[in-house]
Amino acid sequence: MLTVLQRIVEAVNQAPDLDAALRMIVQKARAALGSDVCSVYLADHEQQQFVMMATEGLQLDENERVTLNFGEGLISLAAQREEPLNIANANEHPNFKLVESVGEEAYRAMLVAPIIHQRKVLGVLAAQQKKARAFSGEEEAFIVTLAAQLATVIAHAEARGLVSGHYSPWLRNLNGLPGAPGVAIGQAFIGRPAATLSSVVPRRTEYPWREIHKFRKAVMQTRMELRALADQVADYVAEDTLAIFDVYQSMLDAASLGDAVEAKIKDGWMAQTAVKMAVEGFVAKFEDLDDSYLRERAVDIRDLGQRVLSFLQEKNGLQHNFPDTCILIAEEVTASMLAGVPRKKLQGLVSLQGSANSHAAIMARSMGIPAVFGLSDVPLSYLHDQHLIVDGYSGEIFVNPPAQLIQEYEVLRAEEYELAEMVAEHRDAEACTLDGVPVSLQINAGMNVEHDQERLGHYEGIGLYRTEIPFMMRERFPTESEQYELYLSVLKSTAGLPVVMRTLDVGGDKPLPYFPIHEDNPFLGWRGIRMTLDHPEIFLVQVRAMLRANIGIDNLQILLPMITSLDEVDESARLINQAYFEVRNELLQKDRNAHISRPKIGVMIEVPALLYQLDAVAKRVDFFSVGTNDLTQYLLAVDRNNSRVAGIYDNFHPAVLHALQFIMQRCAALQKPVSVCGEMAGDPGGALLLVAMGYRKLSMTTHNLDKTRWILRHVDSKTMHILLSQVMQATHPDQVRRLIRIKLESLGLGGFVRAGK
Ligand code: PEP
Ligand code: MG
């Protein structure tokens, strides 16, 4: 049976379209079961009917729509019960309903399995036999397994609008992942790279130096083009986002891409071929990584390679006729592709591949461009030139929507603009609740050094500086002096305000390309402090670099990730102490009057075990910072990157909320400062609940800063407390979300959690 199943699944996966796949399924399933009939019905929720899509054995006229209303027949019964039905004589069953036009009257035995994807019944698969008989257990297991496999195929087709597209006047909405909030209405424009690596035919050369010269010239032209693109967007993109172009520039450096390409040329390959080989080599390495952030970098490298290639092929400078209301669509939208569209015309962005982690998503957010990612089942050509509505809050895309829907979204969009303007006007205001309770808002950084303080408005330092990104962007561990330079620029750019630098938190979903860790459960494995304590040479170098950079600036605080036990705190403190005395002695040898201060040391609360050791840890450290991203993952035992269980991962799960409240209460009793630096701190509802619990320091990505400040300034503490007490009674995250939404709507702040004002 297993081989038969595998063969069917392979054949179905290769079918050109859904109809062909369904026809193949019924043919092969009938043969495998030895039944007289096998049919597949799909649910049409708009019409409230099951539609026979394919059959082997019954007579289905191509132009005829054979249906059963929801609730009718054994088909509906199996769907309703969400379990298989195995009925020896269907005619005698009270729910039996004969579908006459297809010649069903001749059949007695019936075996029906519902096709269910992510708890939703998509249809049923049914086998019938003339002779009245019960199907065997093995046959039943077979059809159930096949239906489960079919569910994925149908769900993908449904995502492409292929299922209900047969019957709807307009194509229903497609569902992607929200990438950047906002609403966009416009015309799809397919962005294609100017030159493609895949189309380069490998060729050799006898004149490598000539090719190296060509390559270097192309690199120079690419650099100039990138600079021009960066200038083009500089006015409306935050400084730290512009760093993407610096990253591109540094990838072009000899030490990165440059050397690899030139080595290939010296091996006798032409420049174009060498670029293709080197870039594809890098891309393959990055795409192989588990970490979603790094996988996204593969897109940047390919984009960069194709830019260089276009100069080598002298194909650059293509002028596009962008529609006036342009929704940029691409297999993989890249940051530079995004920058290439005139800002005035650019309304929205859809990237079939990629996620909210991509540079394009980061850039879209900082440009305020609504974006949706991850529509991998939709062919690009299908969206070409179509009129679209892009809802960056829900991840929905409406293809050729009716006028009424467009009007509704136009109103929502106008309201959005108003809201954004209003919020930005108050960016210099202090963050406090409506009744004046001050809340310190900080930023999470790590992508880049500089922050345009003016553009960011009022904030009170860096609450989390993730140091792993610079480690990931290299081909080896950075040296002490490389780290020193980097940390120095971070501390300097935020002088006068605290900067919480976290020690290396690699492992889990953030492996280092040059230090691979192979584990079955990386999130439960050698991660964060566990790894660095096993490698004191890495830990000490990092801490020394931080301490040296802090000399004379004095705004450093050190944060330890993934702490589970007291001995980890003690050992880290011992090493930090050692590094401190080393740096101090070195300094005093140079200047006897020099001063070096000891930074505060904090611990991340992200492993639930720490909740039960707060008192003991508090005695050893200066502050706590709650990492809600990991705390949620570990408390709920749900991998934060696994899309299959993404529905369970929820900051508003009652267990998470109770844990957060407990942490705040204990820290207050212990008089130990505590902040929150996970994503929840920058979520409108999350921020309200955290402040109501007593948290007074929230650290978030820069794009959430204005919004959070505004919301806090418009809700008084009493209202927050009432909301909190209601929320703490909730038994389900959806209930929590509903309560937050109702409250925000009642305060006229609903526009922060959905489209519109
Ligand atoms: C967290 O876990 O909430 C956190 C801030 O750290 P990271 O997302 O880097 O794991
Ligand atoms: Mg974490």
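**Exercise 1.** How far does a polar side-chain atom of Arg466 lie from an oxygen atom of ligand 1?

*Solution.* The distance is 2.8 Å. Check it against the cut-off: a polar contact is a pair of N or O atoms within 3.5 Å. Next, take Arg502: a polar side-chain atom there lies 2.8 Å from an oxygen atom of ligand 1. For Arg527, the value is 3.4 Å. Now the cover: the protein hides 99% of the 290 Å² of accessible area that ligand 1 has on its own. Accessible areas come from the Shrake-Rupley method with a 1.4 Å probe.

The model is predicted: local features need pLDDT of at least 70, side-chain atom pairs count only at pLDDT 80 or more, and totals for chains, interfaces and linings use all residues. Residues are numbered from 1 along each chain as written, chains are lettered from A and ligands numbered from 1 in written order, and side-chain values use heavy atoms, without hydrogens and water.

**Exercise 2.** Find which helix supplies the largest share of the shell around ligand 1.

*Solution.* Start with the elements (DSSP runs: helices, H or I, at least four residues; strands, E, at least two; numbered from the N terminus). Strand S16 (462-466) and helix H21 (628-635) each give at least two shell residues. The largest share, three residues, belongs to H21.

Technical notes
A polar contact is a pair of N or O atoms within 3.5 Å; within protein, one must be able to donate a hydrogen and the other to accept it, and residues adjacent in sequence count only if both atoms are side-chain atoms.
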